[in-house]
Amino acid sequence: MPKNSKVVKRELDDEVIESVKDLLSNEDSADDAFKKSELIVDVQEEKDTDVEEGSEVEDERPAWNSKLQYILAQVGFSVGLGNVWRFPYLCQKNGGGAYLLPYLILLLVIGIPLFFLELSVGQRIRRGSIGVWNYISPKLGGIGFASCVVCFFVALYYNVIIGWSLFYFSQSFQQPLPWDQCPLVKNASHTFVEPECEKSSATTYYWYREALNISSSISESGGLNWKMTVCLLAAWVVVCLAMIKGIQSSGKIMYFSSLFPYVVLICFLIRALLLNGSIDGIRHMFTPELEIMLEPKVWREAAAQVFFALGLGFGGVIAFSSYNKRDNNCHFDAVLVSFINFFTSILATLVVFAVLGFKANVINEKCIAENLEMVIKLVKMGNISQDIIPHHINFSAVTAEDYHLVYDIIQKVKEGEFPSLHLNSCQIEDELNKAVQGTGLAFIAFTEAMTHFPASPFWSVMFFLMLVNLGLGSMFGTIEGIITPIVDTFKVRKEILTVICCLLAFCIGLMFVQRSGNYFVTMFDDYSATLPLLIVVILENIAVSFVYGIDKFMEDLKDMLGFAPNRYYYYMWKYISPLMLLSLLIASIVNMGLSPPGYNAWIEDKATEEFLSYPTWGMVVCISLMVLAILPVPIVFFIRRCNLIDDSSGNLASVTYKRGRVLKEPINLEGDDASLIHGKISSEMSSPNFGKNIYRKQSGSPTLDTAPNGRYGIGYLMADMPDMPESDL
């Protein structure tokens, strides 16, 4: 050893290794406030803590009680009303069983990769959507705000649908069901059937007149519908109480709200399969029309359904995953939840078509009975000869096959005058081809089918309770997509914010429970989410793949998961998914441009729906919804680009000294080359362990030495420390 080695060692020790007492005594003498403060620390093992900026206490971020609770929350959010009343309609409309192939392909190309991406960034950064995208690229921080705005718009009208379901649920405890038959109207002389109901049907009349009491156009407000106002209030109270404690309260409810719909769907499927005609419905649904599968429209609608079915872009996926442990296998979660969603859609489609098959069979039997009476009358009048009727057919017990045989014979014999006979072919396929979706399926077609069920009130209660639970599962994720980012960013109390958010949403939501409210629901559904969400997810993909860097992101995933994700995701995120999303965005814009903006209004006198165009103010509202939803993105970009807000982006970590506590503050990494692994945010940094030596350069040094374990030994830098090049990390 050289002679002066002891001197060198002593100097090195004096420079680098200091005790806590020395560290505090050597601080700048001008910092009187710092000298008078206390440094309270606990010797503890490293653990992941979430350091709240500006708060006095470092609390651990709330966490799921179990992996099952988390999976049920994600399933409840992704599996919603669209699985029951949108997917079956698209399946029927776009080639039956052939539609499943493009849907599955697009699920693998768009759905799972983007779902995995959102789960990953939420779990890794442990923030809501605002914090996540502000961390990855401050200039694109508006993505998180846009997600919150879209979530709020969707929550406004989505809870109205839950309110409708609550109304039907409350009316289902009657025998017979109130929508079973048309009401009778009495006047001074006689009793007659309500004309509006007679021209349509009992379930259609009940939906439009009794439930909604709908006006004839969006311009006719008609005042509040008090029945629906009470139901909307009840829906918001349920959501508020479930969400007021965050995942601690909503997580427990997930066990019921996520699992109960599966119980109901399976019970409905078993019951429907025991009814006549159910097999006809399922056969009709799965009969593939391969030629339709080649049409671009089918692929566009399948891509849109995949996109919205998984809840991409809402922020709910990111919010839920942010409460996970960092070593959770989110890749497994992404694949599992995506396929649960897919098979739930298939299960719901089986149930819907089995029930609609039964309904079509009932209607077909009535059709045959009515037309058979006309045939008998024509035979008695001599318009049709008895000789052309096959001898084995007994008019007192005619099957569907017998009627079709008689119909075909009469059509051939009376070819010239057949149209004047006004006979109907009564084909069950004609009834099944009447595609219905949305409220038309749930509140008209399905309710009509249930009136023919034995013990129909029981099945009605089960069905609408299932709709309520499906809606609530999605609402929890939607509200979490609003609450979590705001709480993480602005440090407000979650309970107070939840109450304010729900109260504000209820007040604005009163526009949906006017007599014209249904038309506003259609407007918001068409314009407030579709294009803005597509733009949000495209920007998310670009932010991770090109701004942050796909190679660094893959390294982050390897560090977090403990294994390298399949190279498949690299190519999906970098090339395929952005191109597919851009194509979908362009196709959606073109489709929106070609489709005249309007809505289906219920005309009371005609008892039918009629397409009406939006008035000028309605068009302004439609455009405003889209602009407001995406406006945060350019605003935040402009603010960051022009440095209108000092975000302290130069420091990798700044410090706030408060009496009795030293708080680390997360920083902005705009322009950094550090990956999520090296550029640790505060929530990831381990608690300082003062049982070991503390490594710190003298105050004049521009760089920070690291402890032997690769982390900051103390991690506390003075706020006025010069900007630090991140290559020194």
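Cys501 sits in helix H23, which spans residues 494-509. Helices here are DSSP runs of H or I with at least four residues, strands are E runs of at least two, and both are numbered from the N terminus. This is a predicted model, in which local features need pLDDT of at least 70, side-chain atom pairs count only at pLDDT 80 or more, and totals for chains, interfaces and linings use all residues. Residues are numbered from 1 along each chain as its sequence is written, and side-chain values use heavy atoms, with hydrogens and water left out.

**Around Cys501**

Cys501 is buried, at a relative accessible area of 8%. Buried means under 20% relative accessible area, exposed means over 50%, and partly exposed lies in between (1.4 Å probe, protein chains only). Leaving aside neighbours within four places in sequence, Cys501 is in contact with Phe152, Ile482 and Ile483. Contact means heavy atoms within 4.5 Å. Ile483 is 18 residues from Cys501 in sequence. In space, their C-alpha atoms are 8.3 Å apart.

**Salt bridges**

A salt bridge puts a side-chain nitrogen of Lys or Arg within 4 Å of a carboxyl oxygen of Asp or Glu. By this rule the model has 12 salt bridges.

| Pair | Closest N to O distance |
|---|---|
| Lys93 and Glu301 | 3.0 Å |
| Arg493 and Glu495 | 3.7 Å |

Take Lys93 and Glu301, whose salt bridge has its closest N and O atoms 3.0 Å apart. Lys93 belongs to helix H6 (residues 87-93) and Glu301 to helix H16 (residues 296-309), so their pairing ties together parts that are 208 residues apart in sequence. Lys93 is partly exposed, with a relative accessible area of 31%. Glu301 is buried, at 9%.

Asp280 is partly exposed, with 26% relative accessibility.

Arg493 pairs with Glu495. Arg493 is exposed, with a relative accessible area of 54%. Glu495 is partly exposed at 22%.

Salt bridges also form a network, which links Glu196, Arg209 and Glu604.
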